[in-house]
Every structure is written in structure tokens, then in C-alpha cells.
Amino acid sequence: MNTTHLIAAVFVSACLPFAVTAESIASEKHSFTVERVAQGLKHPWSLVFLPNGDMLVSERNGGLKRVTREGIVSDIQGLPEKLVYRGQGGLLGLTLSPDFETSNRLFIAYAEEGEFRKSGTAVSSAILDGNTLKNITPIFSQSPKLAGGRHYGGRLLATDEHLYIALGDRGNRDKAQQNNSHIGTLVRLKLDGSLPSDNPFVGQSGSLAEIYSYGHRNIQGMTLDNDGKTLWTHEHGPQGGDELNPISKGNNYGWPTITYGVNYGTGSQIGTGTAQDGMEQPVHYWVPSIAPSGMEMISGKKFQQWQGDILLGSLKFGLLVRLDMDNGKVIGEERLLDGHYGRIRDVVESPDGDIYLLTDSSNGEVLKLSPL
């Protein structure tokens, strides 16, 4: 049920490069304000917080920005040389190494140029030195590179031991059921890019040992449960069938053999239906599609009534979606913002508990949500 209501608008004075308006929103469990922190970003894609409170924001067209809490935007120099901006590809996910405070190391996902205008998702590590990236080190390159500009995936998540790399099917759906490529998979590496010995397909002939799970169409959101154990992803379906999944190693998530979506335009069936033995069912799915993007399980430092709930963006409808979670199940869904701010690309809880959003446009914004 949609419970968003714009109920007030107040002007906030601050030393910002543009006028800021904070609007108040009423929801089922929290009233909160939405404040525009920064604007003028070119299709921003991923946001991470640095220890000093600044944000790094990737732009899909190949820019990397530092954004202060006051909204001052500056360029970061030194991006990977093979980065290519094509279709849905470009500069994509960011995540900090767990030891960032001492190492200044981060991980960057991007579309990488191959031969004959083919491309694929790649990941490099780098050291952030002021506003410059140094020691760029490639640690993953999707195989094979493919033509076209669709379904790169690109979300990253780092734990104390592992780096998870979310990928897409690159528009070649049948390859998502074939473990001899990275297409349609979730990859798990050690933080130095080496292979974990307990990955599910290590030593199996015909399967790539980097693969952690497979049968994915286009993973666009990834978050770790507050228990520190469960990895959640969501992915785009075709015409319908966006999915929320808890990930277990070695599991097959079905695409394109099973899906709750249908072929674009014709509405015809894809694969064998919605269920098959040996393939995972989503915990939650959307028909029609909302085109989810970005995802965060909320710790509740400030949004206490949202503790343990999942927030995600909707590109199609410009929504902030709250999933009411109970013991790993979705028991309710609330849709907020009503498209008022445009396409929501990323959702991040700041270290102090506010919620930050990225809007996906040629004049993209950083939005800050604070509870009243």
C-alpha cells in the first residue's frame, strides 16, 4: 500500500552551492525529511561513505566524485584505462576494503572494453590518495566479453574475507545456466583477488571456480543481513519477475529456465514456467516490474522502526520501497516518494544512521533522509 504524503516543505539554510529544500514525508512507521544534498551528477550509480564523512559517488558515464556532507562536489582522477561507457555499462559499483582506514583501498566495478567493441564487467582495486586513485590493480575480468550494452550487474560487497561481484547475463540469457562462463553469476573472491578454496565449484571440470551462485538475470542490489551472515541480492526480471533472493553458495536461481516474468511485447512464456526442482524460488518478486536498484538492510541507528527492514530503489516508478522483514520473510511492502525525485539508483545507510539516495538522471542528486 502506498502511504507517501508530502505534508510540508521548509527551507534549510546552509553553505551549499544551491538552494536546498527539505520536505517532510509521512510513512507507516516513520515520518522523515528529504533533503537535497548535491546535484549536477551525471547518472550517479553507487555511493560509499569515507571515514571522514565524505561520500564517493560513481557516475555511469565515467566520472568519480567526492561529495562532502555540505554538498561540495570535486573530481577524483585516475580511473582504470579500459573503462568504457556503453548502454547500461560504465563506471558502476564501489565498495571500501574493510581495512580502508589504514590502507585507503577501495574496489571499483566498471564496463571494460574488449576486442571488436565487445565488453564485460571488470573490477580493480585502487588506493585513494586525496582526490587521486593510485596503484590501480585489476582483480577480475568477466569472461567472455560480449557485444551489446545490457545487463552488466556491477554491485560490489566486501566482507572481512571476501569480495562479492554481482553480474548480469549481458543479454545472452541461456549462458546464465552454463557455469563455463561468468555470465549471469555472482562471483566470490578473496580481497586480494585470489580464489577462495571453499567456493562451490572449485575443482569441478567445466565450471569456473570464481562462481558462487548462478542463474541470475541482472543483479542490481546487494546487502548483508544485520546478522552478518545472510547475503541478499535483487535482480531485474524481464517484463515482470524482479526478484529478491537470499544467496547460498552453489545455488541455481533459475534464469532463464524459471521466471515470474514474460517476454517483452508478446507476453509469451520464458523457459518452463515459475518453478523447477533444483532451482531457487525468490523470497519476494514483483509483477509488474519495478526495476529495483540499490539495496540496504537498515541497522536502525536512527530509523529505529525500520531496523531489519530492507530499503531499495525503483528505477521504473521512482520509488523508495521498504520491505517489512520478519525472520527472513517479507511480510509487508511500503512504497514511498511517488516518483517525486525521479529514478532511485542507490540506497545507502550512513554510518550515523541517515539514509542517502542517488537519483539516476543527467542532473542526478544525492538525497538525505532523516527521521523526524
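Reader: How many cavities of 30 Å³ or more does the structure hold?
Author: This is a predicted model, in which local features need pLDDT of at least 70 and side-chain atom pairs count only at pLDDT 80 or more, while totals for chains, interfaces and linings use all residues. Residues are numbered from 1 along each chain as its sequence is written, and side-chain values use heavy atoms, with hydrogens and water left out. A cavity is a set of points, on a 1 Å grid over the protein atoms alone, where a 1.4 Å probe fits but cannot get out. Of cavities of 30 Å³ or more, the structure holds two.

Reader: What volume does the largest cavity have?
Author: Its lining, meaning the residues with an atom within 4 Å of a point, comprises 13 residues, and Glu235, Gly241, Glu243, Trp255 and Thr259 lie nearest the centre. A volume is the space filled by probe spheres set on the grid points, which are joined across faces, edges and corners. For the largest cavity, that space is about 60 Å³.

Reader: How do the lining residues of the second largest cavity divide by class?
Author: This cavity, of about 40 Å³, is lined by residues including Tyr253, Ile258, Thr274 and Pro282. Ala, Val, Leu, Ile, Met, Phe, Trp, Tyr, Cys and Pro count as nonpolar, Asp, Glu, Lys and Arg as charged, and the others, Gly among them, as polar. On that basis, the lining has four nonpolar, three polar and two charged residues.

Reader: Which residues lie nearest the centre of the largest pocket?
Author: A pocket differs from a cavity in being an open set of points, with protein on both sides within 12 Å along at least five of seven lines. The largest pocket has a volume of about 1,100 Å³, and β4, β8, α1, β12, β16, β20 and β24 each supply at least two residues of its lining. Among its 37 lining residues, those nearest the centre are Thr95, Ala158, Glu296, Val348 and Glu349.

Reader: What is the volume of the second largest pocket?
Author: Its lining holds 22 residues, with Gln88, His151, Asn218, His236 and Leu315 nearest the centre. By class, these divide into seven nonpolar, eight polar and seven charged residues. The space in this pocket is about 390 Å³.

Reader: How many helices and strands are there in the protein?
Author: Both are DSSP runs numbered from the N terminus: a helix is H or I over at least four residues, and a strand is E over at least two. By this count, the protein has one helix and 26 strands.

Reader: Which residue of β21 stands opposite Met295?
Author: β20 and β21 (residues 310–314) are antiparallel and share five bridges. Opposite Met295 stands Leu312.

Reader: What phi does Asn327 have in the turn between β22 and β23?
Author: The antiparallel strands β22 (residues 319–326) and β23 are joined by seven bridges, and Leu323 has Glu333 as its bridge partner. The two strands form a hairpin with two residues between them, and in its turn Asn327 has a positive phi of about 55°.

Reader: Which residue of β14 is the bridge partner of Ile165?
Author: β13 forms a hairpin with β12, with three residues between the strands, and Ala158 there has Leu163 as its bridge partner. Five bridges also join β13 to the antiparallel strand β14 (residues 185–190). In β14, the partner of Ile165 is Val187.

Reader: Is Tyr152 buried or exposed?
Author: Tyr152 sits in the loop between β11 (132–141) and β12 (156–158). Because its relative accessibility is 2%, Tyr152 counts as buried.

Terms used. Pairing = 2+ DSSP bridges. Buried < 20%, exposed > 50% of the residue type's maximum accessible area, 1.4 Å probe, protein only.
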